[in-house]
Amino acid sequence: MKNLFIPLILALPMVVLGKDFNALKIFSTLRTVAGTGLSKDDNFWVPGFEGADPKQVELSNPHDCGTDAWGRVYIVDKESHSILRVSADGSTITTVAGTHTSGDGPDSPTPATQVDLSNPNGLHVLGDGTFYILDTDNKKIRKVTPSGMCSTILKHAPGFFAGRGLWVSDDEQVIYFCGGIMPSGLQAVMKLSAIGELTDYAYVPPGNRGLGNIDVAPDGTLGVTSVGDHRVYRITSDGATPLVIAGNGSEGNGGPSGVPATSIALERVRGISFLPDGSYFLATQKGGDVWWVDLEGNIHLFVSGSRSGNVKAGDGFTHDSAGEKISEPRAIHWASNGDLLIVSNDTGIIRAVRTTAGPQTPPLAITKGLFNLTLSFPARTKGRYLLESSTTLAPPRWIPEAGLSSESNMIFNHFVSKSGDAKFWRINVPTQAGGN
């Protein structure tokens with residue numbers, strides 16, 4: 001067989017990252033991913049929702065979301081005690097964990113859709129479709145493999161309280177979560193290592209039970225929101241004293257754009273999501289807004305929302321258009337296709353702000369044989385991409401072959417072996433990938 005070596009220099013989904021990067025300019029219009037926007041606090045799931053259009057399904061207090069490398073959206077549907085997944089093309093929604101009935105399912109490996117959960121409210125999704133669940137009322141962290149098997153990896157007797165913070169490293173060697181500590185019953189950011197060592201990693205003043213979400217910045221520091229303190233903290237890799245990076249600690253409805261992030265009110269700030277350059281988004285539950293904090297530490301209004309009610313408006317309009325478009329966001333997530341996902345709990349809806357970026361490589365015609373792809377990612381990047389193939393270009397029908405991931409300041413080498421009929425290949429951010 002003939003061996004072909006193909007070097008590809010892959011561009012970023014956000015090609016303008018750098019000192020002049022401005023998130024306000026690369027995101028465009030809003031759209032609805034899932035939910036009707038009519039839900040209240042209850043379990044609305046019915047069997048007819050399985051496999052239905054996600055925009056016609058009533059969600060039951062969704063609390064968090066995540067995406068895999070194929071662009072599939074995973075939703076923590078708290079009151080239906082389940083994890084749902086929206087297909088990459090946005091056409092169907094299916095259950096991937098939980099039975100839609102509250103309970104405490106087996107800890108040993110079991111098909112995830114046969115495992116009872118109870119009010120889950122935290123989630124972390126890896127590129128290959130592995131996901132971790134904060135099974136809140138059962139005081140457990142569970143793992144679901146790409147094959148759909150669920151097992152318990154931690155039982156945390158003090159519980160998780162109001163927080164839903166959960167983050168897992170790509171190699172699954174480190175887990176951070178917001179958990180209770182004994183004997184005080186207060187909260188801390190906890191760290192679980194691969195060898196099973198659990199430590200109180202960092203205490204966030206004033207030690208309340210109101211920690212929210214966690215995300216890890218490109219430099220390895222942690223960002224954690226404090227709902228009760230109305231502030232956002234940065235924690236260094238050694239778990240040293242947290243530094244306030246946003247919020248002035250008071251209740252209230254934000255402030256002007258372009259001012260230091262520590263100078264404005266971020267009432268019950270919950271959501272946090274870092275971008276590859278180190279800037280980040282925040283979501284305030286009671287403030288009702290989504291904000292972007294630039295590398296200078298200045299904060300900018302990104303999506304205007306309501307402090308209460310069931311506001312669902314603005315589909316097809318730009319994120320910065322006039323008027324309230326969301327209400328009480330609980331979590332945000334920078335998706336694998338570059339969009340920003342917004343979880344509005346009280347309205348039971350998942351929204352997305354589209355990114356205007358999304359480059360892809362030209363198709364490559366490969367005949368029978370083995371080939372090696374070496375992907376070189378620019379420095380200070382982190383992204384998730386797809387290797388796709390099609391047997392024709394008239395028109396192409398791109399099929400996902402493998403998920404690819406880059407890390408900051410490194411070269412990612414990926415080896416793929418294929419043989420058979422001629423195919424066309426390309427590298428793409430996963431906006432056109434199929435699958436459920």
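Here is a short walk through the structure you have open, one selection at a time.

**Before you click**

This is a predicted model, where local features need pLDDT of at least 70, side-chain atom pairs count only at pLDDT 80 or more, and totals for chains, interfaces and linings use all residues. Residues are numbered from 1 along each chain as its sequence is written, and side-chain values use heavy atoms, with hydrogens and water left out.

**Stop 1: colour by confidence**

Colour the chain by pLDDT, the predictor's confidence in each residue, from 0 to 100. The mean for the protein chain is 79, and 73% of its residues reach 70 or more. Now select residues 406-421: pLDDT is below 50 here, and the model gives this stretch 42 contacts beyond near neighbours in sequence. (A contact means heavy atoms within 4.5 Å.) Residues 429-435 also stay under 50, with 29 contacts beyond four places in sequence.

**Stop 2: a five-stranded sheet**

Next, show the strands, which are DSSP runs of E, at least two residues each, numbered from the N terminus. Two strands pair if DSSP finds at least two bridges between them. Look for the open, antiparallel sheet of 5 strands in the order β21-β26-β25-β24-β23. Its edges are β21 (259-260) and β23 (269-274), each pairing on one side only. Zoom in on β21: 2 bridges join it to β26 (residues 298-303). Click Pro 260, and you'll find its bridge partner, Asn 298, in β26.

**Stop 3: a four-stranded sheet**

Move on to the open sheet β12-β13-β14-β15, with 4 strands and antiparallel pairing. β12 (166-168) and β15 (198-202) each have a single partner strand, so one side of each is left without a neighbour in the sheet. Select β14 (residues 187-193), which pairs with β15 over 4 bridges. Along the way, spot Met 190 opposite Asp 200 of β15.

**Stop 4: the nonpolar cores**

A nonpolar core is a set of buried Ala, Val, Leu, Ile, Met, Phe, Trp, Tyr and Cys residues joined through side-chain atoms within 4.5 Å; buried means under 20% relative accessible area (1.4 Å probe, protein chains only). The largest one has 18 residues, and those touching the most other members include Val 33, Leu 59, Ile 75 and Leu 341. Strands β2 (27-34), β4 (73-77), β5 (82-86), β30 (340-344) and β31 (349-355) each give it two or more residues. Select Ile 75: leaving aside neighbours within four places in sequence, its contacts include Ala 34, Leu 59, Leu 123 and Ile 350. Finally, find the second, separate core of 17 residues, with Ala 23, Phe 27, Ile 332 and Ile 342 among them.

Key. Buried means under 20% relative accessible area, exposed over 50%, partly exposed in between (1.4 Å probe, protein chains only).
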